[in-house]
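Here are my notes on this one, jotted down as numbered points. Have the viewer open while you go through them.

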Amino acid sequence: MRRRQFLGATLGAATPTLAAEPKTILVVAADARWLECCAGLVARHLAAGLRGLLVRVGDDRLEGWNMPPEEAAWRNRVESEAAARSLGFAEVLSLGYPSGELRNVPHTTLRDRLITLIRLHRPAILVIPNPHTEHDRNLDSYYAGAAAEDAWHAARFANYLPALALAPYVIPEIYYYAPPVDPRRREPEAGPTFVPQPVQVDIRPWFAKKLAAARELKTVNRARAERLRQRLAAAGQRLPLLATVDAAAAARLAEENLRGLAALCAQGSSHTLAEEFRYAGVEYGIPAKYLR
């Protein structure tokens, strides 16, 4: 972000505003897993004409095999940007926080950076890691998701970050994403007005773009394939696909994984390939008696 963007902004009214012509979908990612969880949804909206902004919070330095963390971080940044371009993103911002250590990043520091981006880009849709899942033990997803959720709420209040002179803003729609492994994932917790509800999004028309983007993550795919072969060997098992772990085998494993997850998310619906989210629309938080 250029300095003149901040200096040129004027203080808006204290009342939050909705974008007259929503144009941006902002995706917050703790790590490379965002792609397998929500790339289909994103591709769908990018194909409809929205501008995509991906914010990479962690640097994915842990996702490398037989390479130092600095090299893994560099490779994964390059490959993540290539994957984002493949999907149609206009911009990727890599914040560069060390993966596995997001607990050491002050919550308000990350929240305020995301508030600033929300007010600058005024997204129509926000897509974030779900910090409320009980089944996902990836703590980076929790810390990134909690900061993003807080930023979503705080961006509408003028007294958060008043010195930046960026008008408060209400995001019309938010999607929470997480790996689809919780057997209780489709149980509504309360009425749809007050609790983000489970939704299944058809991604079959956009699955090919999601798959093409995933193939760009060569370092991540190779590391996951090597770790799987390692775990199988420890259990006295083997997978013919991984008899030799090369780029082709890692890519095939990634494709099988994506297809399997998409089929799992589609269970119980009319879709064949889907992604699932907790969804809150523009009516979120308004009592039903006030809605017409």
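1. A definition to start: buried means under 20% relative accessible area, exposed over 50%, and partly exposed in between, with a 1.4 Å probe and protein chains only. By that rule C38 is buried, at a relative accessible area of 0%, and C265 is buried too, at 5%.

2. Housekeeping. This is a predicted model, where local features need pLDDT of at least 70 and side-chain atom pairs count only at pLDDT 80 or more, while totals for chains, interfaces and linings use all residues. Residues are numbered from 1 along each chain as its sequence is written, and side-chain values use heavy atoms, leaving out hydrogens and water.

3. Disulfides (a pair of cysteine sulfur atoms within 2.5 Å): the count is 0. The sulfur of C38 lies 6.6 Å from its closest cysteine sulfur, in C37, which is too far for a bond. C265 is in no disulfide either, with the sulfur of C37 the nearest at 8.1 Å.

4. Now the sheet. Strands are DSSP runs of E, at least two residues, and helices are runs of H or I, at least four, both numbered from the N terminus; two strands pair if DSSP finds at least two bridges between them. The sheet is open, with 7 strands in the order β3-β2-β1-β4-β5-β7-β6 and mixed pairing. β3 (91–97) and β6 (197–202) are the edges, each with a single partner strand, so one side of each has no neighbour in the sheet.

5. β5 (residues 173–177) and β7 (residues 274–280) run antiparallel, joined by 3 bridges. Y176 has R278 in β7 as its bridge partner.

6. Helix α8 (residues 247–266) packs on the sheet and touches β6 and β7, contact being heavy atoms within 4.5 Å. Its direction makes about 55° with that of β7; axes are lines fitted to C-alpha atoms, for helices over the stretch in contact, and angles run from 0 to 180 degrees between N-to-C directions.
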